[in-house]
Amino acid sequence: RHCATESLMEAVGFTFRYNFDSEDDYNSYMDMYDSYYNRYQQMLVGGGYTIYTSIDRDIQDKLQNALDEGLSGYTEVSDEGIYKMQGSATCIDNETGNVVAIVGSRSQDGPSLGLNRAYQSYRQSGSAIKPLSVYLPYFMKGHFPEETMTDEYIPGGPLNADRSYAGEMTLADAIKYSKNTIAWKVYQEVTPQVGISYLMKMGFKKVWYDKDYNAAALGGFTYGVTSEEMAGAFATIANDGVYRKATCIRKIYGPEGKLIRDESERGGRVYSSMTCREMTEVLQTVVNGGGTGGAAAVDGWEIAGKTGSTNSDKDLWFCGYSPYYTTAVWMGYDYPEQIHGGNATTIIFREFMTQIHEGLVHKSFPIVQRNNHSSNKNSGNSGNPGNA
């Protein structure tokens, strides 16, 4: 219903915004948004529309079951009887960019908050954001994964998760081992304004608050991100840099059978295809090359992805993709507190992706053509979307 309502809004010319100059500017926009949203949600319910969605019931059930099983060890409930440990996940078909499954809570009998955390709960992304707003923008400026930088103590800067420093290393290894110090340095060169602008071009709704803060390099946001947003952004990498808004709506027809909205006609370039293929190659080492995401590996399939965790492990993530599907998984408490027991999102991802790839014809990621580095790096994009 949410996706269909926004699709109708867009059909009549409503312009969605993700960048704002001030809190007053944002509040003014939200007043207009709410007015349109309420009007078209009412029209949707009683207007005689025919809506075709991309939700696949079988994939939806598999995602729900994987989330439930992955978090089954957390049994504590709130005073209202709701599981305290929660999770969300979104799966996108890379061919269409459409959401085929979206899970906003654990299954349980009895009470429900009526909350779909996959698009309604904004959480800290931790290091899962680094490929999107730190390293890909840096590569768009003409840099490469093979370049080196020094992992070292930075006065007033961040610590690495293991509190150690490895010295000189490639950017590819900095991503693979999720080195906070190097991400911090790179983001200072990119600048927060440019890094955040890439996220805003991919529909992140609340990151505009963080246009001036280097903490966003490590996923420290004022409000945060959703698994729907993260899935849409990682699917952009899988789609050679072309972003398509994450939606489960394919087409909407009016009461007279007239086509009102065709969502297959959406998309806009954010990154060059070359930088995305380079990033995919690096993110495969995160999973299958001894990086932080080894537990997410799917037997027989190429998987690229990135883990994410915050200070005291209050939010845990895995966002990844195969040549077929992109899936983003989050786990945490509604009222953030430290998570004990490890990052189950990698296990949820692996179990789910293993199931939905059964019977599919094997497919590989596109090969990086390194001899074309210089000529293709900024193909289709200026490399600086700050004014786009």
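Reader: Let's begin with the strands. How many bridges join strand β2 to β3, and do they run parallel or antiparallel?

Author: Keep in mind that this is a predicted model. In it, four bridges join β2, residues 85–93, to β3, and the two strands run antiparallel. To see one of these bridges, find Ala89, whose partner in β3 is Val103.

Reader: What do β2 and β3 form together, and how many residues lie between them?

Author: They form a hairpin, with five residues between the strands. Look for Gly97 in the turn, which has a positive phi of about 80°.

Reader: And how many residues of β3 are buried?

Author: Buried means under 20% relative accessible area. In β3, residues 99–103, five of the five residues are buried, so the strand is largely enclosed by the rest of the structure.

Reader: On to the rings. How many aromatic pairs does the structure hold?

Author: There are 20 aromatic pairs. To read one, check the distance between ring centres and the angle between planes; planes under 30 degrees apart count as stacked, over 60 as edge-to-face. Take Tyr198 and Tyr271: their ring centres are 5.3 Å apart and their planes are at 5°, so this pair is stacked.

Reader: Where do Tyr198 and Tyr271 lie?

Author: Tyr198 is in helix α8 (residues 192–201), while Tyr271 is in the loop between β9 (268–269) and α10 (273–288), so the pair ties together parts that are 73 residues apart in sequence. Tyr198 counts as buried, at 0% relative accessibility, and Tyr271 counts as buried at 0% too.

Reader: What about Phe318 and Phe349: which kind of pair are they, and why?

Author: Their ring centres are 4.7 Å apart and their planes are at 65°, so this pair is edge-to-face. It also links distant parts of the chain, with Phe318 in strand β11 (residues 315–321) and Phe349 in helix α11 (residues 345–356), 31 residues apart. Phe318 is buried at 0% relative accessibility, and Phe349 is buried with a relative accessible area of 0%.

Reader: Last one. How many disulfides does the count come to?

Author: A disulfide is a covalent bond between the sulfur atoms of two cysteines. Here the count comes to zero. The cut-off is 2.5 Å.

Reader: Are Cys3 and Cys248 buried or exposed?

Author: Cys3 is buried, with a relative accessible area of 14%. Cys248 is buried as well, at 16%.

How values were computed. Residues numbered from 1 in each chain as written. Predicted model: local features only at pLDDT ≥ 70, side-chain atom pairs only at ≥ 80, totals over all residues. Heavy atoms only, no water. Phe/Tyr/Trp six-rings, centres within 6.5 Å; stacked < 30°, edge-to-face > 60°. Buried < 20%, exposed > 50% of the residue type's maximum accessible area, 1.4 Å probe, protein only. Pairing = 2+ DSSP bridges.
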